[in-house]
Amino acid sequence: MMQGNVNLQRPPVFLAANTLGLCFCLVLAAVQGFGQSLAGRWIALGGKMDNGEQEMSILEVKQSGNELTGSLETLGLTAGVKGTVTGTHFELFADWNEKKPFLVGDLVNGELHAVEDGRRNIVAKPALPGDHLPTVSYIAPPSLHKVQYNGLAKTPPMGWNSWNLFEDKIDDGTVRTIADAMVSSGMRDAGYIYVNIDDTWEGMRDAGGWLQPNHKFPDMKALSDYVHAKGLKLGIYSSPGPRTCFGLPASYGHEEQDAKTFAAWGIDYLKYDWCSAGKIYTNDQLRAVYQKMGDALEAAGRPIVYSLCEYGLGSVEKWGPEVGGNLWRTTDDIHDEWSSMIANVEKQAPLAPYAGPGHWNDPDMLEIGNGQMTNDEYRTHMSLWALVAAPLLAGNDLRNMTAATRAILMNKEVIEIDQDPLGKQAWPVRHGDLETWIKPLADGSFAVGVINLGSDAAQATVNTNDLKLSGPVTKARDLWAHHDVKFTGKVYSAPVPSHGVLLLRVSGK
Ligand code: GLA
């Protein structure tokens, strides 16, 4: 697998193109043996890109008995595929989702009639032997230098991002109603300021190479005016490769133009996602490639938070600030499930020394309120993100939140831990089923979180020896119960449900 595909938890590009109105048809270049063989080479033709280039995807399949293996290649990705054929019926799974097939269909009269990702009908025909993906010319990345700090994100950015809940179903109208809800729900006043549009806003480039939004975003400047008028800021998304992770046009070879476009639209935050850049560059070139957009943003002259998204490749924490990065993803994509959330935060532990004002480790966006975890688990999610000074980017439907979701996302005392101006990231001091994380705070106090990773309720204990306090505790507060608590000597103890958390703020001598 190529570097760019480390993170293929995303819909296939066939689907992406379809969602945006491009017409794909799969063509079978099969070495059509006898009977119902799927073995061969398939090509999916899409629309014409701005430069006249034909959008296409190639699927190559080998068959052994009823087992299928092969690969899928587009400008944006290379992925392994596997599946089965029974009679005329086949199911193919791609690397990005081994649980759900991305293509299901039948061989009918030498054609492949299939449904892609459960949504889109495809008809396949034999392809010509000369069909190949267009070659993308290599652009050497610049030599290394330091990009000046833009002065932003002195505390971890707070806001909302469209991806976790809406994926490709985000549009102008939804962004506006989310911005409305950000104000009416109290989220803005709690500190959530950025309204970030993730992937699938991208249209084609015009004749001059300027990237246009697609039909879902008819007027990006008007949208940014709307968001700004509410006291909020607008974020957007692109990739240093030729395609975004969803398979749409990205910034490769157009970095300066795109940075100018974003500045002209009034964009305040850019998430820059490695994706298809991995088909062109190696991990050794990550820093130079990200520096290129860092320079372009600086030259565009508008303060724009620069969020690097490359899943922690190439020790990004060591050079993220040098390319002008304000935060960098350190993990694969989060999912709304306990194990994914915990796995992402555990990866932050060794990265603690690299976080600080202006530059943060990013274990990915919040899933709080999306429904697949319990409220105890969501309280733990919020506590851990605050402890590790993570960006707090809500990923749920702010227009429709339960009282519990509001109370979790807008717990001011927990937000204060995340936004503490000292900017230290917590690290774990005790492991096992009851894991303890400690974060030193600007006023000399500590946030202490004890997470119950076990499947039974347990008694959590905080001991001031872990805080290196030599004297007595002068004040201790339970940040979820919202009341002060009393230590007995060096110790405070309380019951914590399975997957729950005890989160204290402790002052002492
Ligand atoms: C990658 C990123 C996600 C999201 C999608 C969009 O998977 O890691 O956060 O931006 O791309 O396609």
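Here is a chat that walks through this model step by step.

Q: What kind of model is this, and how are residues numbered?
A: It is a predicted model, where local features need pLDDT of at least 70, side-chain atom pairs count only at pLDDT 80 or more, and totals for chains, interfaces and linings use all residues. Residues are numbered from 1 along each chain as its sequence is written, and side-chain values use heavy atoms, with hydrogens and water left out.

Q: Switching topic: which strands make up the open sheet?
A: The open sheet has eight strands in the order S18-S17-S16-S15-S14-S11-S10-S19, with parallel pairing. Two strands pair if DSSP finds at least two bridges between them.

Q: Why is one side of S18 and of S19 left without a neighbour in the sheet?
A: Strand S18 (360-362) and strand S19 (392-394) stand at the edges and each has a single partner strand, so one side of each has no neighbour there.

Q: How do S15 and S16 pair?
A: S15 and strand S16 (residues 305-309) run parallel and share five bridges. Asp-273 has Cys-309 in S16 as its bridge partner. Helix H6 packs on this sheet and touches S14 and S15, with its direction at about 160° to that of S14. Axes here are lines fitted to C-alpha atoms, for helices over the stretch in contact, and angles run from 0 to 180 degrees between N-to-C directions.

Q: You mentioned a cysteine. How many disulfides are there?
A: The search of the whole structure finds one disulfide, meaning a pair of cysteine sulfur atoms within 2.5 Å. Cys-245 and Cys-275 form it, with sulfur atoms 1.9 Å apart. The pair links distant parts of the chain, 30 residues apart: Cys-245 is in the loop between strand S14 (233-238) and helix H6 (255-265), and Cys-275 is in the loop between strand S15 (269-273) and helix H7 (286-300).

Q: Are those two buried or exposed?
A: Cys-245 counts as buried because its relative accessibility is 8%, and Cys-275 counts as buried at 2%.

Q: What about Cys-309?
A: Cys-309 is in no disulfide, and the nearest cysteine sulfur, that of Cys-245, is 6.7 Å away. Cys-309 is buried too, at 1% relative accessibility.

Q: Now the core. Which residues touch the most other members?
A: In the largest nonpolar core, of 88 residues, those are Tyr-192, Trp-201 and Met-382. A nonpolar core is a set of buried Ala, Val, Leu, Ile, Met, Phe, Trp, Tyr and Cys residues joined through side-chain atoms within 4.5 Å. Another core of 20 residues lies apart from it, with Trp-42 and Leu-72 among them.

Q: Last one: which strands form a hairpin with four residues between them?
A: Those are S24 and S25, and His-482 in the turn has a positive phi of about 60°. S24 and strand S25 (residues 483-484) pair antiparallel over two bridges, and Arg-477 has Asp-484 in S25 as its bridge partner.

Conventions:
Buried means under 20% relative accessible area, exposed over 50%, partly exposed in between (1.4 Å probe, protein chains only). Contact means heavy atoms within 4.5 Å.
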